[in-house]
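Okay, thanks for coming, everyone. Let me put the chain up on the screen, and then I'll talk you through a few spots.

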Amino acid sequence: MKISYNWLRQYYNCTLAPEKVAEVLTDTGLEVEGIETIESVPGGLKGVVVGHVLTCEQHPNADRLRVTTVDIGLEEPLHIVCGAPNVAAGQKVMVATVGTALTFANGESLKLKKGKIRGEVSEGMICAEDELGIGESHDGILVLPENTPTGTAAADYFNFEVDHVFEIGLTPNRTDAMSHFGVARDLHAALAFHHKDTTPLLLPDVSALQLPKSNEGIAVEVKDTAACPHYMGLTINNIKVAPSPEWLQTALRTIGLTPKNNVVDVTNYLLHELGHPLHAFDAGKIVGGKVVIQQLPADTPFTTLDEKERKLHADDLMICDTEKGLCMAGVFGGLGSGISESSTSVFLESAYFSPVSIRKTAKRHGLNTDASFRYERGIDPNLSEYALKRAAQLILELAGGEIAGAIQSVGQATFPPFEFVVSPNRIRRLIGTPISDSEMQEILTNLDITCAENGADTWTVRVPAYRVDVTREADIAEEVLRIYGLNKVPVPTKMNFSWIANQRHRPDKFRTMFTALLNGKGLTEVMNNSLSKASYYRDLPENEYGVNMLNPLSQELNRMRQNLTFGLLENVAYNQNRKRTDLRLFEWGKTYGKGASGFFENAVLAVALTGKSDAENWEHPQRESSFFSLKAHVLELCNAIGASPVKEALVVEHPLYSDAIELFHKKQSLGIVGRVKDEWLKYFDIQQDVFTAELHSEALFERSKNRKVIYQSLPKFPAVRRDLALLVPKEVTYAALANVVQQSGTALLQSVALFDVYAGKNLPEGKKSYAISLIFQSPDKTLQDKQIEGVVARILKQLEQQLQVVIR
């Protein structure tokens, strides 16, 4: 938010320098992020002074040039070569000295240097209007009155106005400070308390405005008093729309606004003066001589000032005449009802709309205007009449005309202050310093908050309606503290805290361990927004359990996410579009839903692999990431926390995956691993396979609690390996086969591994070939072939009986 220093002083004429004002405002909570100096002429004509032309002679080497000597108040006069036809001895002129930077009227700039022009030394420049940037004339040099003092700085002679603009980083709850008067109010409260400054805080006087008592002019009807508790209107006839005067245009340009005309500029000026939005309608375009505040039927087309046609929602509050909509109330004006050069009468609107209604309308249509920004956060409802009178007064002054009838006012005219009880002792404890009752009361009084002592350490405070952010005792403590000064609260020399015994099993330790394991495998952690697009889930079974946002920031972020996979696919697509196709990502997060018993959330660890699984290397070729490489990562993580052995179950139908398995440990699901379906890859415009896993992090954490670390000596006796070539039905998975082998083997079987798969010629129909290795070892003795062969025979028998697997 931009605040002009000169404009601010119209309401509170403090004498502090802009830099000091910035410090005070920052201390009160209105953080000044920067100060910009605004000059009516760029550079302020620094280095340009009044000179007296002592001599003027013809240049010896040029017919159109003159050689002059000019006194600018120094010990020696300057020698200046000038080409202006009107230069003459005895004149008072503007001289730009060496080193001066000039910005011409056409935008070009020049920095003067000492030099020679056709052999004659020139130590400056005698300037014309356009060369000074104060006019368009280039017919000759600017000649000043003879009595102008020599050596006077140009900035002093022209009395250029210099302003300073504060860039304030305003927090959204401080709607009371979204104006020059609101900022002046805080500045006055701070200086009145700390410096006992008695300079008054004043608003422009509107008491001289004469209002007719007749009911002529545009009538007003409010059909929805909940959405529009108070509406005021005033008609002014016989106005003349024209450009605004220079002072008004300068004020608006200073804060970054573009002047339009004298009527529209008044409404914009008052928005930033008072923080109260106003709207000006061309009264001649209001059909039926009546304004109606109401909702229109759903899908009614309405064209706004940006020339876009929008379909109205049934709850959108509209300002209408007897035939059509004129304006989206408190949000955006209509294309056909605004002020133009041909307008001769104006209907001024000053209203208080429901913040909830305005917010919903603005969000539905993706609009964020200066008016909606203030209305949806809460303006001063008691300022409507003053703002309307102030606007009428300025329009009469700048555009002429006469007021047609009394103010049309419908609804609640006054809004009482908000009352509640506070304890000064509790406020002191919250602040952390022994501020006295009288100091607290002085601060609150300066902030328009009155308090009455009830006795027994309680006060009843009455907060004005424009302070929508002050509703409880803690807010009163904040108000007192920000004016009293955070810097005055003593910093303790010691810190007290409670010691908590270290817990062996903590979710944060578990997460740190898992993150380290994943980082060690070359995976990168990502963090996505918990808000997602509702359209992702439209055709998914979990769509009915979705949690939609009542007031979404946008249609891209209108639902709490129900899985982490879509966020990872967005990451893959984003990187793919930037030529990064080899990705290994993981994310910790929560998913959300609503069931029969209410809202729920689940903690999830998601992993995604795509592209090459390892970096390019001269020693071995790169491998593509696959379902099995992702599965290997997941099984290693499970093994690291003691969640083994893991059983697998094939997932036949899944809305996201074409091939997927669900992992279990002791009958509890640990998550799912799969290849993302082609239709989803096409939806996200991803050109390669993506494999993702979503694991239940709470289940993994519970399993990690039972993890035991067992230390044992190195084996003393050698291991024995046996390789088996098996003929396996195509529908049998390796997981099922390995499970039978492990159950059939004795304690001698240490591990089983698959090292080759073949499906092709020379095999019976419906069969495939697996080559597996079995590792046997005894801690007590060297194994004999007879012992091993007995175990192998038992394994083969169980494979044949349970899975119809035979030795090849």
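Predicted model: local features only at pLDDT ≥ 70, side-chain atom pairs only at ≥ 80, totals over all residues.

Let's start with the rings. The structure holds 26 aromatic pairs. Take W7 and Y269: they are stacked, with 4.5 Å from centre to centre and 10 degrees between the planes. What does that pair tie together? Well, W7 is in helix 1, residues 5-8, and Y269 is in helix 7, residues 262-274, so the pair ties together parts that are 262 residues apart in sequence. Are these two buried or exposed? W7 has 2% relative accessibility, so it counts as buried. Y269 also comes out at 2%, and that makes it buried by the under-20% cut-off.

Y269 has another ring partner, W247. Here the geometry is edge-to-face, 5.6 Å between centres and 85 degrees between the planes. W247 belongs to helix 6, residues 246-254, so to speak 22 residues from Y269 in helix 7, and the pair links distant parts of the chain. W247 itself is at 40% relative accessibility, so we call it partly exposed.

R377 lies over the face of F373, 3.8 Å from the ring centre. K488 does that with Y484, at 4.3 Å from the ring centre.

Helix 12, residues 437-446, packs against helix 13, residues 473-484, at about 95 degrees, and their axes are 10 Å apart. Angles of 65 to 115 degrees count as roughly perpendicular, so that is what we call helix 12 and helix 13. Who touches whom? On the helix 12 side you have E439, M440, I443 and L444, and they meet I476, E479, V480, I483 and Y484 of helix 13. By class, that contact has seven nonpolar residues, two charged and no polar ones.

Now the other helix pair. Helix 14, residues 507-520, and helix 18, residues 697-705, have axes that come within 10 Å and cross at roughly 100 degrees. These two are therefore roughly perpendicular to each other as well. Helix 14 brings P507, F510 and F514 to the contact, and helix 18 brings S697, L700, F701 and S704. Sorted by class, we get five nonpolar, two polar and no charged residues.

Last stop, the serines. S345 is in the loop between strand 22 (332-333) and strand 23 (346-352). Its relative accessible area is 10%, so S345 is buried. What is S345 in contact with, leaving aside neighbours within four places in sequence? The list is I236, N237, I239, F281, D282, A283 and G284.

Then S751, which is in strand 39, residues 749-758. With 34% relative accessible area, S751 is partly exposed. Not counting residues up to four places away, S751 touches S773, L774 and I775.

Terms used. Residues numbered from 1 in each chain as written. Heavy atoms only, no water. Axes fitted to C-alpha atoms, helices over the stretch in contact; angles between N-to-C directions. Helix = DSSP H or I, 4+ residues; strand = E, 2+ residues; numbered from the N terminus. Parallel < 35°, antiparallel > 145°, perpendicular 65-115°, else oblique. Contact = heavy atoms within 4.5 Å. Nonpolar A, V, L, I, M, F, W, Y, C, P; charged D, E, K, R; others polar. Phe/Tyr/Trp six-rings, centres within 6.5 Å; stacked < 30°, edge-to-face > 60°. Buried < 20%, exposed > 50% of the residue type's maximum accessible area, 1.4 Å probe, protein only. Lys NZ or Arg CZ within 6 Å of the ring centre and 35° of its normal.
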